[in-house]
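Student: I'd like to learn how to read side-chain features in a protein model. Can you walk me through some?

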Amino acid sequence: MFTLAEVASLNDIQPTYRILKPWWDVFMDYLAVVMLMVAIFAGTMQLTKDQVVCLPVLQSTVNSKAQPGTSGKADVTTAETTTGQAEAASTRMVSFGSAPTVTPDVPLSRATSSQYQPTESGQTLKKEQKDSSGRKTNLDFQQYVFINQMCYHLALPWYSKYFPYLALIHTIILIVSSNFWFKYPKTCSKIEHFVSILGKCFESPWTTKALSETACEDSEENKQRLTGAQSLPKHVSTSSDEGSPSASTPMITKTGFKFSTEKPVIEVPSVTILDKKDGEQAKALFEKVRKFRAHVEDSDLIYKLYVVQTVIKTVKFIFILCYTANFVNAISFEHICNPKVEHLIGYTQFECTHNMAYMLKKLLISYISLICVYGFVCLYTLFWLFRIPLKEYSFEKVREESSFSDIPDVKNDFAFLLHMVDQYDQLYSKRFGVFLSEVSENKLREISLNHEWTFEKLRQHVSRNAQDKQELHLFMLSGVPDAVFDLTDLDVLKLELIPEAKIPAKISQMTNLQELHLCHCPAKVEQTAFSFLRDHLRCLHVKFTDVGEIPAWVYLLKNLRELYLIGNLNSENNKMIGLESLRELRHLKILNVKSNLTKIPSNITDVAPHLTKLVIHNDGTKLVVLNSLKKMMNVAELELQNCELERIPHAIFSLSNLQELDLKSNSIRTIEEIISFQHLKRLTCLKLWHNRIVNIPSSITHVKNLESLYLSNNKLESLPAAVFSLQKLRCLDVSYNSIAVIPIEIGLLQNLQHFHITGNKVDILPKQLFKCVKLRTLSLGQNCITSIPEKIGQLLQLTHLELKGNCLDRLPATLGQCRLLRKSGLVVEDHLFDTLPSEVKEVLNQDTSIPFANGI
């Protein structure tokens with residue numbers, strides 16, 4: 001036989017699950033324990049004391065009962081006979097335990113025992129009747145034991161014998177049905193995860209801080225919260241330590257709330273400052289809650305399983321009540337037994353007594369009472385399950401009481417679990433809702449961010465850029481730290497991959513700020529901050545994936561001078577260049593667009609009259625429509641890079657104010673249209689590098705004001721004399737072509753300052769090259785040059801000389817005459833440098849600062 005503890009173990013659940021057991025489940029658990037005790041007690045009593053005691057029903061007695069209408073004489077005879085038998089039996093009756101037996105004696109025949117004794121007087125008969133105490137049956141002890149055993153199984157109703165076992169089985173089924181949803185693997189894992197997260201959310205310092213900051217100031221509400229705080233330990237005192245809310249029993253005292261008549265709510269300073277460790281734990285909880293919600297909200301398995309087990313318990317209660325009430329009257333103290341053993345005993349009918357009948361009947365009535373109470377609770381549970389939509393949960397009350405108005409309503413199993421928690425204590429779901437709010441999460445990130453990125457740390461990240469401006473670059477943060485806006489001397493601010501960036505009014509302190517970079521950062525600005533940016537911001541860089549990431553306020557920066565847009569502007573969702581018009585950017589001078597356009601957006605024409613520089617960098621997408629360029633009459637610099645252009649666009653020839661044209665990385669093969677550049681009187685710089693140009697037409701002589709010509713990385717094999725007729729040419733770059741000879745006409749370029757012919761096939765340097773005495777940069781690397789003429793010493797202004805990658809065996813000593821040339825500007829192999837005389841090397845090694853630039 002199993003013990004009560006072993007059976008009760010079926011009802012055991014993890015202590016942390018108690019928050020998911022409403023009052024009816026707890027009450028039914030206790031009822032089940034009481035029913036279990038009743039069943040075990042009845043079973044124990046039945047095993048130790050249950051038996052029947054039977055006596056034979058004499059034939060004469062049966063006949064007298066069967067023939068009540070016989071004569072009086074017969075009645076007397078029967079009575080006397082019975083009296084005689086009883087007298088004889090009284091002399092031989094011996095008691096063996098609980099089964100009375102008759103001592104063996106000379107058996108009397110039925111005829112003899114029924115004879116009448118006329119010789120005895122009436123007085124003697126009365127005396128004998130008075131002294132007799134039983135009837136003589138002539139049965140021995142073994143016969144009584146035999147009859148008792150047979151009649152226990154034949155006469156006793158089955159319910160009297162099996163009631164304790166049935167009660168035990170029923171109770172075990174009810175216990176299992178109560179907690180099956182805690183044991184089933186597909187629901188147990190979710191419940192375990194939910195309880196763990198709920199406990200951590202309940203005891204998180206961030207929960208206390210978030211709720212304390214939004215607590216109502218009304219004294220009545222504070223009194224109610226005080227009452228709730230005092231009653232909380234009663235609910236959670238029995239919970240376990242691991243993942244249990246018991247650890248949060250003193251939570252109210254830890255939060256720093258102090259209640260008094262003078263001040264409704266007082267926050268201890270420790271509440272307002274969140275430790276870094278606590279902040280990291282809270283951020284991890286936000287992520288866990290987000291993932292758990294996505295995992296649980298997609299099904300309602302837990303709800304269905306709970307409904308099913310409640311229905312099973314209700315059906316079980318009805319079944320037990322129906323058949324138990326029907327058999328309750330079958331348990332009685334007296335039973336008639338008719339065993340077919342007359343040939344062994346001599347009697348056909350026995351009257352038996354069941355000594356446990358009284359106790360079993362009382363226990364059965366108690367069991368029925370418990371079952372009725374249990375059933376009423378089951379019916380209430382079903383009523384609760386179907387009365388309200390448990391697969392929907394609203395945080396409306398929490399939203400009203402706190403500033404977190406964005407706490408979303410939940411559904412399915414997530415909603416059902418929260419409804420169950422509310423039956424335990426509504427404070428759990430209230431504190432849990434804090435971790436469903438994006439406002440709360442953003443506030444946590446802001447606090448943690450400001451705690452980590454102090455003013456001193458930000459100051460260490462400030463650097464000087466190429467323009468000698470103070471620059472701060474923030475990358476992949478949860479927001480913009482408040483201390484950033486205390487850097488009042490900052491010139492450039494770069495925000496990259498900060499999706500929750502917000503620019504507050506404090507930015508108005510940064511009076512030196514003129515350049516802002518937003519890289520995948522759709523920043524939001526306050527009204528005061530926008531007013532400041534509108535008046536002070538001069539340069540804005542926006543990098544995006546979708547045009548929707550461009551903040552709307554960008555198109556309203558009236559004083560903006562430079563705008564750089566990098567992203568996809570040619571998809572179906574992105575109609576040309578943004579959601580707003582650029583018309584409001586009245587002072588915009590420079591527009592740089594790096595995208596994949598097929599035509600110049602019409603919105604650009606809104607600011608065309610004001611633009612002085614337009615840069616379009618296409619990522620290999622062919623730019624087809626260029627007619628809009630004609631409207632940009634004030635454009636001085638135009639760059640169309642990587643646009644798959646095959647010829648110089650005709651629309652460019654209408655730009656009378658154009659000074660610099662850059663057509664880098666296109667597919668231009670011929671530049672015969674260059675003759676039309678004669679109308680561009682202000683054109684001084686022409687960049688046709690990284691194309692497929694084979695030759696330079698002689699018509700280039702008509703571009704008389706040209707000062708810089710870049711033809712590197714093409715397919716040129718020669719330089720026509722027409723190039724050297726451009727008397728104003730100061731920079732000529734023909735690097736990385738297939739040029740073998742430098743024409744002697746190069747000496748005509750008296751204003752040439754920078755000449756690049758690296759990566760060609762030149763083997764001889766003409767002496768006329770050194771007539772260009774204004775040369776500052778001379779790049780001759782990666783050619784086939786075998787010697788450098790001594791006349792190189794005539795280049796007195798030379799600051800950069802590249803000779804690496806040639807076939808030289810020595811360097812001329814006249815390099816020492818190049819007064820501005822230093823070793824840092826001499827690009828040559830080390831062994832060639834060693835061939836120079838020591839005094840020349842000393843001159844080149846001198847550390848003299850150069851008063852002017854030597855680059856392009």
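Predicted model: local features only at pLDDT ≥ 70, side-chain atom pairs only at ≥ 80, totals over all residues.

Student: How are the rings of phenylalanine 653 and phenylalanine 677 placed, by centres and planes?

Tutor: Here's the general idea: a pair of aromatic rings is described by how far apart the centres are and by the angle of the planes. For phenylalanine 653 and phenylalanine 677, the centres are 5.3 Å apart and the planes stand at 70°, so we call the pair edge-to-face. The label follows because planes over 60 degrees apart count as edge-to-face.

Student: Where in the chain do phenylalanine 653 and phenylalanine 677 lie?

Tutor: Both sit in loops. Phenylalanine 653 is in the one between β18 (637-641) and β19 (660-662), while phenylalanine 677 is in the one between β19 and β20 (685-687), so the pair ties together parts 24 residues apart in sequence.

Student: How many aromatic pairs does a search of the whole structure find?

Tutor: It turns up 30 aromatic pairs. Another one of them is tyrosine 159 with tyrosine 323: their ring centres are 5.9 Å apart and their planes are at 85°, so this pair is edge-to-face. Tyrosine 159 belongs to helix α8 (residues 158-183) and tyrosine 323 to helix α15 (residues 301-327), so the pair ties together parts that are 164 residues apart in sequence.

Student: Are tyrosine 159 and tyrosine 323 buried or exposed?

Tutor: Both are buried. They also belong to one aromatic cluster, made up of Trp158, Tyr159, Phe163, Phe319, Tyr323, Phe327 and Tyr367.

Student: What sits over the ring of tyrosine 710?

Tutor: That's the charged end of lysine 687, 5.2 Å from the ring centre. Look at tryptophan 453 as well: lysine 457 lies over its face, at 4.2 Å from the ring centre.

Student: Now for cysteines. How many disulfides does the structure hold?

Tutor: First the general idea: a disulfide is a covalent bond that connects the sulfur atoms of two cysteines. This structure has 2 disulfides. In one, cysteine 54 and cysteine 352 have their sulfur atoms 1.9 Å apart. Cysteine 54 is in strand β1 (residues 52-56) and cysteine 352 in strand β5 (residues 350-354), so the link ties together parts 298 residues apart in sequence. Cysteine 54 counts as buried, at 1% relative accessibility, and cysteine 352 is buried with 1% as well.

Student: And which cysteine does a disulfide join to cysteine 151?

Tutor: Cysteine 337, with an S to S distance of 2.1 Å. This pair links distant parts of the chain, with cysteine 151 in helix α7 (residues 141-154) and cysteine 337 in strand β4 (residues 334-337), 186 residues apart.

Student: Why is the disulfide of cysteine 151 and cysteine 337 called left-handed?

Tutor: Look at the torsion about the S-S bond: it is about -90°, so the disulfide is left-handed. The link of cysteine 54 and cysteine 352 has 105° about its S-S bond and is right-handed.

Student: If I number the bonded cysteines in sequence order, what is the pairing?

Tutor: You get 1-4, 2-3.

Student: Is cysteine 372 buried or partly exposed?

Tutor: Cysteine 372 is partly exposed, because its relative accessible area is 22% and buried means under 20%. Cysteine 539, with 7%, is buried.

Key:
Residues numbered from 1 in each chain as written. Heavy atoms only, no water. Disulfide = S-S within 2.5 Å. Helix = DSSP H or I, 4+ residues; strand = E, 2+ residues; numbered from the N terminus. Buried < 20%, exposed > 50% of the residue type's maximum accessible area, 1.4 Å probe, protein only. Phe/Tyr/Trp six-rings, centres within 6.5 Å; stacked < 30°, edge-to-face > 60°. Lys NZ or Arg CZ within 6 Å of the ring centre and 35° of its normal.
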